[in-house]
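Take a look at the model below.

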Amino acid sequence: QVQLVESGGGLVQPGGSLRLSCLASGFIFSKYGMSWHRQAPGKERELVAVIASTGGITNYADSVKGRFTISRDNAKNTVYLQMNSLKTEDTATYYCRCMAKDYWGQGTQVTVSS
């Protein structure tokens, strides 16, 4: 059974940091690129960051470039999203995804507010 389980969300003040984790199971994690997406209330889901299967290639949405870092640990079947210098507009539910298989996690809420 395929599972992607996100964690690490929460409430943080503007300028703060959070690290999201996504633990994968039920498929060969190290074979596939992974991505993080987010969806704010009333808005469409958007791609935030992508990482290749080996972790050697990453790409980011312009809105998070220089602030967010995607990484992965294939030994732990986990992909991470380090989020620094958070802004109120980063408030959203964050999802991880196995792109090739279109597997999605259930999401973790990130709220940036003073």
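## The disulfide

A search of the whole structure finds one disulfide, meaning a pair of cysteine sulfur atoms within 2.5 Å. Cys22 and Cys96 form it, with their sulfur atoms 1.9 Å apart. The pair links distant parts of the chain: Cys22 sits in strand E3 and Cys96 in strand E9, 74 residues apart. The torsion about their S-S bond is about 45 degrees, so the disulfide is right-handed. Both Cys22 and Cys96 are buried. Buried means under 20% relative accessible area, exposed means over 50%, and partly exposed lies in between (1.4 Å probe, protein chains only).

What about Cys98? Its sulfur is 9.4 Å from the closest cysteine sulfur, in Cys96, and that is too far for a bond. Cys98 is buried, at 0% relative accessibility.

## How the model is read

This is a predicted model: local features need pLDDT of at least 70, side-chain atom pairs count only at pLDDT 80 or more, and totals for chains, interfaces and linings use all residues. Residues are numbered from 1 along each chain as its sequence is written, and side-chain values use heavy atoms, with hydrogens and water left out.

## The overall fold

The protein has zero helices and 11 strands. Helices (H or I, at least four residues) and strands (E, at least two) are DSSP runs, numbered from the N terminus. The radius of gyration is 13 Å, close to the 13 Å that the globule rule gives for 114 residues, so the protein is as compact as a globular protein of that length. This radius is taken over C-alpha atoms, and the rule is 2.2 Å times the number of residues to the power 0.38. Along its principal axes, the C-alpha trace spans about 40 × 25 × 25 Å.

Buried residues make up 43% of the 114 residues. Contact means heavy atoms within 4.5 Å. Of the contacts with a separation of 6 or more, 53% are between residues 24 or more positions apart.

## The nonpolar core

In soluble globular proteins, nonpolar side chains tend to be buried together. Here the largest nonpolar core has 30 residues. Such a core is a set of buried Ala, Val, Leu, Ile, Met, Phe, Trp, Tyr and Cys residues joined through side-chain atoms within 4.5 Å. Trp36, Val79, Leu81, Met83 and Tyr94 have the most contacts inside the core.

Which residues does Val79 touch? Leaving out residues up to four places away in sequence, they include Trp36, Cys22 and Cys96.

Thr78 is found in strand E8. Is Thr78 buried or exposed? Thr78 is buried, with a relative accessible area of 7%. A polar atom of its side chain lies 2.8 Å from the backbone oxygen of Lys76. Beyond four places in sequence, Thr78 is in contact with residues including Cys22, Phe29 and Asp73.

## Two positive phi values

Most residues other than glycine have a negative phi. Asn77 has a positive phi, near 55 degrees. Asn77 lies in the loop between E7 and E8 and is partly exposed, with a relative accessible area of 25%.

Ser85 also has a positive phi, of about 50 degrees, although it is not a glycine. Ser85 is in the loop between E8 and E9. At 41% relative accessibility, Ser85 is partly exposed.

Conventions:
A polar contact is a pair of N or O atoms within 3.5 Å; within protein, one must be able to donate a hydrogen and the other to accept it, and residues adjacent in sequence count only if both atoms are side-chain atoms.
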